[in-house]
Amino acid sequence: MNSISMKLQADHLIKMALQEDISSEDVTTNSVIKGPVKGEVQLICKQNGIIAGLPVFQRVFELLDPQMEFSFSCRDGEEVQTGQLLGTVTGDIRTLLSGERVALNYLQRMSGIATYTHSVAALLEGTGIKLLDTRKTTPNMRIFEKYAVRVGGGYNHRYNLSDGVLLKDNHIGAAGSVTNAIKLAKEYAPFVRKIEVEVENLDMVKEAVDAGADIIMLDNMNVEEMREAIRIIDRRAETECSGNMTKENIDRMTSLGVNYISCGALTHSAPVLDISLKNLHTL
């Protein structure tokens, strides 16, 4: 996440998070520290994992005080270990205390997603299957969570509803059939857009292939149904498996020959990575 995208896409979200935590003032900090005092605090990892979100962590403090200074010993995407000193933050102690929780919330959440994604992607290594995220993200956290997926070795599916055509069960129901939904999408969507359709049984698979879908998502099918669906599709469309995919069961998909596996758990079920700001002291 570079500085341009941070300022354009993330700054207003970070400010909203800070405003949620500081509606008028940090009454605790202001009651014990009456004026500016320079200090330093250490960023310490308390759990093995993949770090993600250091630029966001830094930006939280910068938005409170542009004079803050940072020294990191690692970069996003690197493995970190329990007890590792990840870096230091130096500046006005009032800023360190007021920004601590929001900064850590971002860093812990994003690192947790990167860590979980890394563990799932490792199960697909060498298969040629791309691991995708979904839109099952925390409201107002999507830009951060999808970035964390990439840091962890996954790939982003469409970012939002404006980003691509994905005809799901309710779209098909509204259109009346798979065939009509694909026909209408092709008439409306720009020609550069691929048409993806979600199917739940083999009859829908056949209909989607005949109607010219570009990508067919096999949703909540068992392994034998997916194997037969891939045989029917016969490379006439790209294939994606979806539905309750987790680290515990994803290995059953590796022999099917699908192009993609989408996994909502990457963003909606990843535990946070335990990281703390410790040893605050004056300078």
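**Exercise 1. Find the handedness with which H3 passes H4, then describe how the two helices pack.**

Solution. H3 passes H4 in a right-handed crossing; a crossing is right-handed if the near helix is turned clockwise from the far one by less than a right angle, and left-handed if anticlockwise. The model is predicted, with pLDDT of at least 70 needed for local features and 80 or more for side-chain atom pairs, while totals for chains, interfaces and linings use all residues. Residues are numbered from 1 along each chain as its sequence is written, and side-chain values use heavy atoms, without hydrogens and water.

Next, take the axes: those of H3 (residues 54-64) and H4 come within 8 Å and cross at roughly 160°. H3 is therefore roughly antiparallel to H4; angles over 145 degrees count as roughly antiparallel, under 35 as roughly parallel, 65 to 115 as roughly perpendicular, and the rest as oblique.

Last, list the contact, meaning heavy atoms within 4.5 Å. On the H3 side are Leu 54, Val 56, Phe 57, Val 60, Phe 61 and Leu 64. Their partners in H4 include Leu 96, Gly 99, Leu 107 and Met 110. By class, the contact of H3 with H4 has 13 nonpolar, three polar and one charged.

**Exercise 2. Check the span of H4 against its 31 residues, and locate its kink.**

Solution. At 1.5 Å a residue, H4 should span 45 Å, where the expected span is 1.5 Å times one less than the number of residues. The end C-alpha atoms of H4 are 44 Å apart, which agrees. A kink of about 50° in H4 is centred on Glu 100; the bend is the angle between axes fitted to the seven residues ending at a residue and the seven starting there.

**Exercise 3. Describe the packing of H4 and H5 by angle, distance and contact residues.**

Solution. H4 (residues 93-123) and H5 (residues 142-151) pack at about 40°, with axes 7 Å apart. H4 and H5 are therefore oblique to each other. Their crossing is right-handed. Among the contact residues are Tyr 106, Arg 109 and Met 110 of H4, and Phe 144, Glu 145 and Tyr 147 of H5. The classes are nine nonpolar, one polar and two charged.

**Exercise 4. State how H7 and H8 are oriented to each other.**

Solution. H7 (residues 178-188) and H8 (residues 202-211) pack at about 30°, with axes 9 Å apart. H7 and H8 are therefore roughly parallel. The crossing of H7 and H8 is right-handed.

Technical notes. Axes are lines fitted to C-alpha atoms, for helices over the stretch in contact, and angles run from 0 to 180 degrees between N-to-C directions. Helices (H or I, at least four residues) and strands (E, at least two) are DSSP runs, numbered from the N terminus. Ala, Val, Leu, Ile, Met, Phe, Trp, Tyr, Cys and Pro count as nonpolar, Asp, Glu, Lys and Arg as charged, and the others, Gly among them, as polar.
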